[in-house]
Amino acid sequence: MHNAQHFFELRAHYREQPDRIPFPVTVEKLAEVWYCTPRYVKKIVRDLTEQGWIEWRAGRGRGHTSQLAFTTDENELLATAIMRKMEQGQIKEAMDWMNRFGTPAVQERLMDWLSGEMGFSRRHVADDAKDTLRFPVHRALETLDPALAYYAFDSHIISQVFNTLVEYDPDTREIKPCLAHAWSCSPDASAWTFHLGKHILFHHGRELTAADAAFSLNRIRLNAERYAAAWMLQDVDAIDAVDSRTVRLTLARPNVLLPRFLSTVAMSIVPEELARASGDAFARQPVGTGPFRIAQLDEGICALESFPRHFRGSPLLDRVEVYILPGIEEGRIRQPDWNAVLPSDGRSLQQPSTAGIDASQDWHDLEARCICCSVLAFNLRKDGPQRHRSFRRAMNRLLDRERMIAELGDSLIMPAEGFQPAVMAERMAATDRRPAEEAGTIRRLLHESGYTGETLRLSSNAYHEAEARWIIARCREHGIRVELTITNEVPRLADHEASDASFDCRLFGYVPIHPEITELGAYMQHNYFASAIDETMLPHVRDGVRAVCAEPDPHARARHLGKLESLLQDNASVLFLVHKKNNTQYHQAVRGVQINSYGWVDFRQIWFPSQALAASFLP
C-alpha cells in the first residue's frame, strides 16, 4: 500500500496534468513531493513504473529534467484501494485517503459502496453461519475504561463488554442480580454484602473473584482526583473481599441507594491484574466479563465478538462492527437492505431509501424519548459577566426554547425546565404556549448586571455545536458577544480548577440514564455542574445529597431532589434548554430490537431469522 499512497500523493500534486501526456519533472522536485531523499525517489519511481501506473523517461545527468506520464485511472485505483482497506478493517486510514485524495465523484461512489456494506450479513465460516451487524457512528470513542466513561456512546459500548455486580431495571425500578446473585445489608443500610455467582469468566479466561470486585471499586474510591464516579463511593470506609466470592462494603453513614450506584457502568468489574498492570492502556485493550469482547479497536473501528462462555449464555449476534466516522456527514451513508438496524446517534433519521420496499409497511421506527437534555452551566468560579445573577437571568429569558426547537429540527422535542421531562410534559399539556419574553425585560436585566459588551466564552462539544451556534446568534440579537470553543475532550478532574478558568459557560448534554443517580451525579461530579455551584450553595447541596441517599421513601427522595433543583433554578446558574429524542429504524424481520438507557440498540437482544424466512417479509 506504500506504492499506492506514493502514487496518490504524486497525482494530487499534479492534479491538472492529464493522463498519458508526458510532462517535465526533476528528481529533486519529486523529493519535495514525497519528503524523501533523491535516492529513495528513484526507488519509488521504479516501483510505480513496475505497477504500470506511470511512465518514466529519465533525463541524462544530475539535475536534468525527466519526463513523467500518468498511465492509470486514478479514481478507479483509489476506490479499489480504499475498499480493500475497509474490508481489512483499516477504516481510519481508508477515510483519510478518501478525504485527502478523493474527488467528489470518488467520494460519492465510496459512500454508495459503504452504504451497501452496512447492516446485517451472514457469512459461513467452516460450515458455521456468522451473524454480523455493521453500522456507522458519527462520533469518536473517547474511552472504554468503565471508570472513565463520560459520554453515552462510550458507556453503551462498555455495557456490552463489562458487567456490574447488580443491574437496575428502569421499567420495574428494581435492582436485579448480575455478577452478584444475592446481597444483603445491615438494618441501617451502612454495611452491604454481595455474593458473586460461580464460574463467571473474564474474556481472557480467568474466573472472576471477589478480589477483582474489591479492586475495581477501590481503584475508583481511592483515586477521586482521577475518577469522576468516586463521589458514589465517598461514604464508603472499606471494601473487602471476605472470601473468593463475597464482597463487603462498610459505610460511614447509611446509603439505601448503594446498589443503584453499583449498577452504573462506572462500577463495572475489571480483572485486577490487567487493570493494575496496564494502567491507561486498559482503556484501549479492555477485558471484561460481558457478552461481547473487543476484537479490534482503533480510531476507525470498534469490533465486538460474542463471548460464548458468558455466564448468561452467548449473544445471538456473533459480531458487531461499529465504523467510527466522525468526519462523514450524517445521512451520506444509506441503508439499502431490509436486514439493517441503524441507530441515529442521538439525532433523528430520514426514512431509508430502500429499493423495492414499502417503507411505511416494512420499517418500524423505535423511538426513545428524552434521552438527553441540553443544559448551559455557568462558571461561577471565574470573573466575568456570568458571575452576576441578573446576567444569567437575562440569558435564561432570551434563550427561547420553543424557537430553538422550531429552528433546529425534530430531534428536539420539548423545552426543558428541570431534570424530569415528564414534569415539563405535564406543564405543556396543562397550559398554553408561554409568550415570548419582552426585549425590554432582557435589556433591564443586562443593565442591572453591568454588562458592557465583554466576550462570553462558551465551551461545547461537536454533538451540541448546532445548539451552541444558535445560542450565539440569539445572544448577538441582544448585543451579547460570545466566543465558541468546540472540544470533544472529556473534562478532566485533576486539573478541574485550572480548566474552569478556560470558559464562562459550558453547553453539554445531561443523559438521565439512571433516575435519581444521574441527577445526584450532576451535583457531585466535578465534570458536570461543579463550576455552577458557588460556596454559598455547596453546603446545601451536600446536605441534600446525603438526605437523598439516606431516605428509603422514593417520594421523600423526590422532594429532596426538587429542593436541590430549586437551588439551581433560583440562582440561574444552570439553564435547562431542551429535551431530545432518539430514533432507531429497523425492518420488521429483525427481532429483539430494544433501545437501552443510553439511547442505543442493545446488541445482546438482536437476532435475525434465516434469509429464507426473512424473504417472506419482502413484497
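**Helix packing and cavities**

A: In this predicted model, helix H1 (residues 2–13) packs with H5 at an angle of about 20 degrees, and their axes are 11 Å apart. Because angles under 35 degrees count as roughly parallel, H1 is roughly parallel to H5.

Q: What is the handedness of the crossing of H1 and H5, and which residues of H1 and H5 meet?
A: The crossing of H1 and H5 is left-handed. On the H1 side the residues are Ala4, Gln5, Phe8, Glu9 and Ala12, and they meet Glu93, Trp97, Arg100 and Phe101 in H5. Sorted by class, the residues of this contact between H1 and H5 are 5 nonpolar, 1 polar and 3 charged.

Q: How do the axes of H1 and H4 cross?
A: The axes of H1 and H4 cross at roughly 140 degrees and come within 11 Å, and H1 and H4 are therefore oblique to each other. The crossing in which H1 passes H4 is left-handed. From H1 the contact uses Phe7, Phe8 and Arg11, while H4 brings Glu74, Leu77, Leu78 and Ala81. That contact of H1 with H4 has 5 nonpolar and 2 charged residues, with no polar ones.

Q: Switching to cavities, how many are there of 30 Å³ or more?
A: The count comes to 2 cavities of 30 Å³ or more, and the largest cavity has a volume of about 60 Å³.

Q: Which residues line the largest cavity?
A: The largest cavity is lined by Trp231, Met232, Gln234, Asp235, Asn255, Phe261, Val545, Arg546 and Cys549. Helix H19 (residues 538–550) gives the largest share of that lining, with 3 residues. By class, the lining of the largest cavity consists of 5 nonpolar, 2 polar and 2 charged residues.

Q: And the second largest cavity, how much space lies in it, and what lines it?
A: About 30 Å³ of space lies in the second largest cavity, and the residues that line it are Ile82, Met86, Met95, Met98, Leu110, Met111, Trp113 and Leu114. The elements giving two or more residues to the lining of the second largest cavity are helix H4 (74–87), helix H5 (91–101) and helix H6 (104–117).

Methods. Residues numbered from 1 in each chain as written. Predicted model: local features only at pLDDT ≥ 70, side-chain atom pairs only at ≥ 80, totals over all residues. Heavy atoms only, no water. 1 Å grid on protein atoms, 1.4 Å probe; cavity = no way out; pocket = protein on both sides within 12 Å on 5 of 7 lines; lining within 4 Å. Points joined across faces, edges and corners; volume = space filled by probe spheres on them. Helix = DSSP H or I, 4+ residues; strand = E, 2+ residues; numbered from the N terminus. Nonpolar A, V, L, I, M, F, W, Y, C, P; charged D, E, K, R; others polar. Axes fitted to C-alpha atoms, helices over the stretch in contact; angles between N-to-C directions. Parallel < 35°, antiparallel > 145°, perpendicular 65-115°, else oblique. Left-handed = near helix turned anticlockwise from the far one by under 90°. Contact = heavy atoms within 4.5 Å.
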